[in-house]
Amino acid sequence: MKNLSYSLIALAVLFSSCKSESQGIDSNQQKSMFLDVHNLEPGKVTYDAVMEAHKKDLATQSKYGVNFVKFWVDEAAGKVYCLSESPDSASVYRTHKDAHGLVPALVQPVSSGKEAAASANPTLFLDIHQLGAGNVTAKAVADAHVKDLAVQGKYGVNFINYWVDEKSGAVMCLSEAKDANSVINTHKEAHGLIPVEVHPVKQGQ
């Protein structure tokens, strides 16, 4: 009986120690922002299906210390973009894998600009610039964004936010516009940096 009591006490202490350690890791984790890209088949993905997958991500994310913020879907191109806060890129990948098995083709660490307001029912576009590894800084993109804001009214565009991956040289801009050409023309006049892709997207969160 005495040995059983000692065993129970030891187990209680061990459980308490593990619990405290786990809580300490969660509370002290440094999180960065990531943007991941899923390349699915054109025409084979719907916003509603992505929303259902997103709900599964939200149900799973705490297991890996991830916080999914927003997502964007280009149904025609079969592309999905997810914005999250996470300890690392592997945690983002694992959350998707565990939640629904649809793993991203790319997980990029990004820095963000200051978000502007959109209208109640915006027509959104996500445009992508590929400037080359080591050829872009967050400050340079911030300066270019200021130039976009100075020109955007001429083309009826409202730039909402942007994200920069300095390591790969990728820049992604989210805007409200009447069409893709309006987005391209704003960038062209503002600073001459033309996106390589412009995707009409639906946003969820």
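User: What makes β7 and β8 a pair?

Analyst: Two strands pair if DSSP finds at least two bridges between them. β7 and β8 have seven bridges and run in the antiparallel sense, so by that definition they are a pair. Strands here are DSSP runs of E with at least two residues, helices are runs of H or I with at least four residues, and both are numbered from the N terminus. One of the bridges links Asp165 to Ala170 in β8. The hairpin of β7 and β8 has four residues between the strands, and Gly169 takes a positive phi near 80° there.

User: What kind of model is this, and which features need a pLDDT of at least 70?

Analyst: This is a predicted model in which local features need pLDDT of at least 70 and side-chain atom pairs count only at pLDDT 80 or more, while totals for chains, interfaces and linings use all residues. Residues are numbered from 1 along each chain as its sequence is written, and side-chain values use heavy atoms, with hydrogens and water left out.

User: How do you know where the pLDDT is under 50?

Analyst: pLDDT is the predictor's confidence in each residue, from 0 to 100. The mean for the protein chain is 88, and 86% of its residues reach 70 or more. Over residues 1–25, however, pLDDT stays under 50, and the model has zero contacts beyond four places in sequence for them; a contact means heavy atoms within 4.5 Å. Where pLDDT is low, the predicted coordinates should not be read in detail.

User: Why is β8 described as largely enclosed?

Analyst: Buried means under 20% relative accessible area, exposed over 50%, and partly exposed in between, with a 1.4 Å probe and protein chains only. Seven of the seven residues of β8 are buried, so the strand is largely enclosed by the rest of the structure. Ala170, Met172, Leu174 and Glu176 point one way from β8, whereas Val171, Cys173 and Ser175 point the other way. β8 is also joined to β6 by seven bridges, in an antiparallel run, and Phe125 has Ser175 in β8 as its bridge partner.

User: Which strands stand at the edges of the sheet, and why?

Analyst: Nine strands form an open sheet with antiparallel pairing, in the order β4-β1-β3-β2-β9-β6-β8-β7-β5. β4 (106–109) and β5 (111–112) each have a single partner strand, so one side of each is left without a neighbour in the sheet. Elsewhere in the sheet, β1 and β3 pair over eight bridges, and Phe34 has Ser84 in β3 as its partner.

User: What makes a set of residues a nonpolar core, and which members of the largest one touch the most others?

Analyst: A nonpolar core is a set of buried Ala, Val, Leu, Ile, Met, Phe, Trp, Tyr and Cys residues joined through side-chain atoms within 4.5 Å. The largest has 15 residues, of which Leu35, Trp72, Tyr81, Leu126, Trp163, Met172 and Leu174 touch the most other members. β1, β3, β6, β7 and β8 each supply at least two residues of this core. Apart from it lies another core, of 14 residues, including Val45, Phe68, Val73 and Cys82.

User: How do you know that the span of α2 agrees with the value it should have?

Analyst: The expected span of a helix is 1.5 Å times one less than its number of residues. Helix α2 (residues 47–60) has 14 residues and should span 20 Å; its end C-alpha atoms are 20 Å apart, so the two values agree. Buried residues of α2 include Tyr47, Val50 and Met51, and their cover includes β2, β3, α3 and β9.
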